[in-house]
Amino acid sequence: MATYLRQKPAAWFMVVAVLLVLWGLAGCASFYVHFAYGPDIDPNATDWDRAYFAALPAWLNIVYAVAVGAGLLGSIALLLRSKLAQPLYLVSLIAVVIQFGYIFAATDLLAHKGAAATVPFPLFILVVAIFQIWIAGLARRRGWIS
């Protein structure tokens, strides 16, 4: 019978895992604000912002919830050193791509607000999602998660 011994992770790994949990909590808080308040949370929201928000399909909220929920669960799994981190992060990445793919391809957000105002943060979110998959893979290869 073969036994598998988990290796003790480097200290930096645990710091990264905690930061990713905080990132996931921030994403969930953002989803809550988006769902509960919509554009009314922004005192500078225009009529266009309200119309844009109202025109978004309901399924996009589900995709958003999957993106942040799977990301948070993946980060918790990473912190607990579970091999479920990587597939959860993959689900999150797929949802992020669907969410922002729809927003940029099927709405007039870019035309109305411009790329400089709308692309950087979603691009950062995409980079973090890719990093999460990479760090979970690194942890798996090094025996830090199982």
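Figure 1. Helices here are DSSP runs of H or I with at least four residues, strands are E runs of at least two, and both are numbered from the N terminus. This is a predicted model, where local features need pLDDT of at least 70, side-chain atom pairs count only at pLDDT 80 or more, and totals for chains, interfaces and linings use all residues. Residues are numbered from 1 along each chain as its sequence is written, and side-chain values use heavy atoms, with hydrogens and water left out. Going along the sequence, the pattern reads α-α-α-α-α-α-α. The C-alpha trace spans about 65 × 25 × 25 Å along its principal axes. Of the 146 residues in the chain, 39% are buried (under 20% relative accessible area with a 1.4 Å probe, protein chains only; exposed is over 50%, and partly exposed is in between). Take the contacts (heavy atoms within 4.5 Å) with a separation of 6 or more: residues 24 or more positions apart account for 77% of them.

**Figure 2. Helix H3 (residues 58-79) packs against helix H4 (residues 85-106), with axes that come within 8 Å.** Two packed helices are described by the angle between their axes and the distance between the axes. The axes of H3 and H4 cross at roughly 150°, which makes H3 roughly antiparallel to H4. Axes are lines fitted to C-alpha atoms, for helices over the stretch in contact, and angles run from 0 to 180 degrees between N-to-C directions. Angles under 35 degrees count as roughly parallel, over 145 as roughly antiparallel, 65 to 115 as roughly perpendicular, and the rest as oblique. The crossing of H3 past H4 is left-handed (the near helix is turned anticlockwise from the far one by less than a right angle; clockwise would be right-handed). By class, this contact has 19 nonpolar, 5 polar and no charged residues. Ala, Val, Leu, Ile, Met, Phe, Trp, Tyr, Cys and Pro count as nonpolar, Asp, Glu, Lys and Arg as charged, and the others, Gly among them, as polar.

**Figure 3. Arg81 sits in the loop between H3 and H4.** Most residues other than glycine have a negative phi. For Arg81, phi is positive, near 65°. Arg81 counts as buried because its relative accessibility is 16%.

**Figure 4. Gly71 is a residue of helix H3.** With 7% relative accessibility, Gly71 counts as buried. Beyond its neighbours within four places in sequence, Gly71 is in contact with Val66, Tyr89, Ser92 and Gln132. Cys28 is 43 residues from Gly71 in sequence, and their C-alpha atoms are 9.2 Å apart in space.

**Figure 5. Helix H1 (residues 11-37) meets helix H7 (residues 120-141), with axes that come within 12 Å.** These axes cross at roughly 140°, so H1 is oblique to H7. H1 passes H7 in a left-handed crossing. On the H1 side you'll find Trp12, Phe13, Val16, Leu20 and Trp23, and the H7 residues they meet include Phe121, Phe124, Phe131 and Gln132. The contact divides into 13 nonpolar, 1 polar and no charged residues.

**Figure 6. Asp49 lies in helix H2 (residues 47-55).** Asp49 is buried, at 14% relative accessible area. Its side chain makes a polar contact of 2.8 Å with the side chain of Lys113. A polar contact is a pair of N or O atoms within 3.5 Å; within protein, one must be able to donate a hydrogen and the other to accept it, and residues adjacent in sequence count only if both atoms are side-chain atoms. Not counting residues up to four places away in sequence, Asp49 touches Pro39, Asn44 and Lys113.
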